[in-house]
Amino acid sequence: MLFSSEILQVLGLLANKLDSIMSRIYLSPPDVSAKDHLAIEGALNSGWIAPVGPDLEAFEASVAQRLGRKYALAVNSGTAALHLALLALDLKPQDRVICPSLTFAGCAFPIRYCGAEPVFVDSELDTWNVDPELLETAIEALIKEGTPPKAVIVVQIYGQCAQMDRISAICQRYELTMIEDAAESLGASYKGQCAGSFGEVSFLSFNGNKIITSSGGGMLLTDNKALFEKARCLASQAREPVLHYEHAAVGYNYRLSNLLAALGRSQLEDLDHKISQRKEHYSAYVDALGSIDGVRFMPISKDGEANYWLTICLIDGSQTKSSRDQIIALCAAENIEVRPTWKPLHLQPVFSSSKVFGGAVSEDLFKCGLCLPSGSNLPVESRDRIINLLKSALMEGCA
Ligand SMILES: *Cc1c(COP(=O)(O)O)cnc(C)c1O
């Protein structure tokens, strides 16, 4: 026999090896373990195949405990969690909500879902998060115009907390509700306090690209019982607690599936390991590339602990042999996914009519920023390949 099963097996192994060498390197892919597989299988076997069940409750309880929050509501996305937060705060059409410009659009869309208007504020350079001074300027200006903001959304961008002391003080002084977007920053902290524990309402994302994933999912966190109960009711089609279907409000179908909660719960157990893997990537990139002229990395503030969700470098093309965009093209040709930093929301066509305070800082970061593959399952060999490619492109130019 020409093709014995052994030969086929060897060919299979070679094909696998070739595949892993040639395969695409993603920016931040899901990192799923054998234990995660068992967790989903366990949930399937339990029969709780619905947006209700013991894994859902346990997932909520374990996140609430880790972050020191009283109430947690697991939903099917971070965007849905923010929408519920705004609804629970009774956001009305024409209301204004302050939001950083340097963030993902899912952080501002729910403002529009409510018919309200985002007002964007630029970043500061220490953490790339909202600039506290500019935040205060924006609040003062909106008050003067007779349209004080209804709430302030604070984002903990790229795994690092904003200057929370100053921002909390400002929100308190103007009696503004603070909503915290910790979608990218689970596991990070500021002066010992966890990201996700700062807002009157905070939320997380468990999308496939985040530090832990439930494939898709999010969570609303609060210590305010009334707010939590309102959000929970709205998330389950606004069903009143009676046997027949009774609705006193327009509801949403936003709850997380118990199956996905089982995955999220299992992933949460590995959060610290995932953070340390990502931190290693950050250190390796900084060690290898940080001293090249024209290359800087996102500063990590001493006021907190980052979760190193993404490693980002800034490339000043006037000092390097290749520009940021040439490097993006080079990586694309090598099947390596890299991306610019978030395009500031004040530059997005959909928000062209929205007000912005400042803007130059986030615009600069968008022009020079390069997000590097940072997944907790990124093999060291792949990271070395990326580093060598970048090093030669930055110091010698693209071939
Ligand atoms: C991912 C993300 C969201 C939205 O979360 P989804 O689960 O994808 O809906 C919101 N804000 C920021 C900063 C994010 O990175």
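Student: Into which domains is the protein chain divided?

Tutor: The model is predicted, and its chain is divided into domain 1, residues 34-268, and domain 2, residues 271-396. Their C-alpha centres lie 26 Å apart.

Student: How many residues of domain 1 are in contact with domain 2?

Tutor: On the domain 1 side there are 48, in contact with 39 residues of domain 2. The two domains bury about 3,700 Å² between them, and 63% of that area is on carbon and sulfur atoms. Trp-128, Tyr-158 and Ile-211 supply 22% of the area that domain 1 buries against domain 2, more than any other three residues.

Student: What polar contacts and salt bridges are there between domain 1 and domain 2?

Tutor: Polar contact links 26 residue pairs between the domains, counting pairs with both residues at pLDDT 80 or more. The rule also finds two salt bridges across this interface.

Student: Which elements of domain 1 supply at least two residues each to the side that touches domain 2?

Tutor: They include strands E2 (96-100), E3 (117-121) and E6 (189-190).

Student: How should I read a salt bridge, and what is the case for Arg-66?

Tutor: Side chains of opposite charge can pair when their charged atoms come close. Here the side chain of Arg-66 meets that of Asp-272 in a salt bridge, at 2.8 Å from N to O.

Student: How many salt bridges does the structure hold, and which parts does the pair of Arg-69 and Asp-223 tie together?

Tutor: The structure holds 20. In one of them, the side chains of Arg-69 and Asp-223 meet at 3.3 Å, N to O. Arg-69 lies in the loop between helix H3 (54-67) and strand E1 (71-75), while Asp-223 lies in the loop between strand E9 (218-222) and helix H8 (225-235), so the pair ties together parts 154 residues apart in sequence.

Student: Which residues are closest to the ligand?

Tutor: Of the 14 residues that surround the ligand, the closest are Thr-79, Asp-181, Glu-184, Ser-205 and Lys-210.

Key. Residues are numbered from 1 along each chain as its sequence is written. This is a predicted model: local features need pLDDT of at least 70, side-chain atom pairs count only at pLDDT 80 or more; totals for chains, interfaces and linings use all residues. Side-chain values use heavy atoms; hydrogens and water are left out. Domain bounds come from an automatic or database domain assignment. Contact means heavy atoms within 4.5 Å. Buried area is the accessible area (1.4 Å probe) that two parts lose on being put together, summed over both. A salt bridge is a side-chain nitrogen of Lys or Arg within 4 Å of a carboxyl oxygen of Asp or Glu. A polar contact is a pair of N or O atoms within 3.5 Å; within protein, one must be able to donate a hydrogen and the other to accept it, and residues adjacent in sequence count only if both atoms are side-chain atoms. Helices (H or I, at least four residues) and strands (E, at least two) are DSSP runs, numbered from the N terminus. A residue is near a molecule or strand if one of its heavy atoms lies within 4 Å of it.
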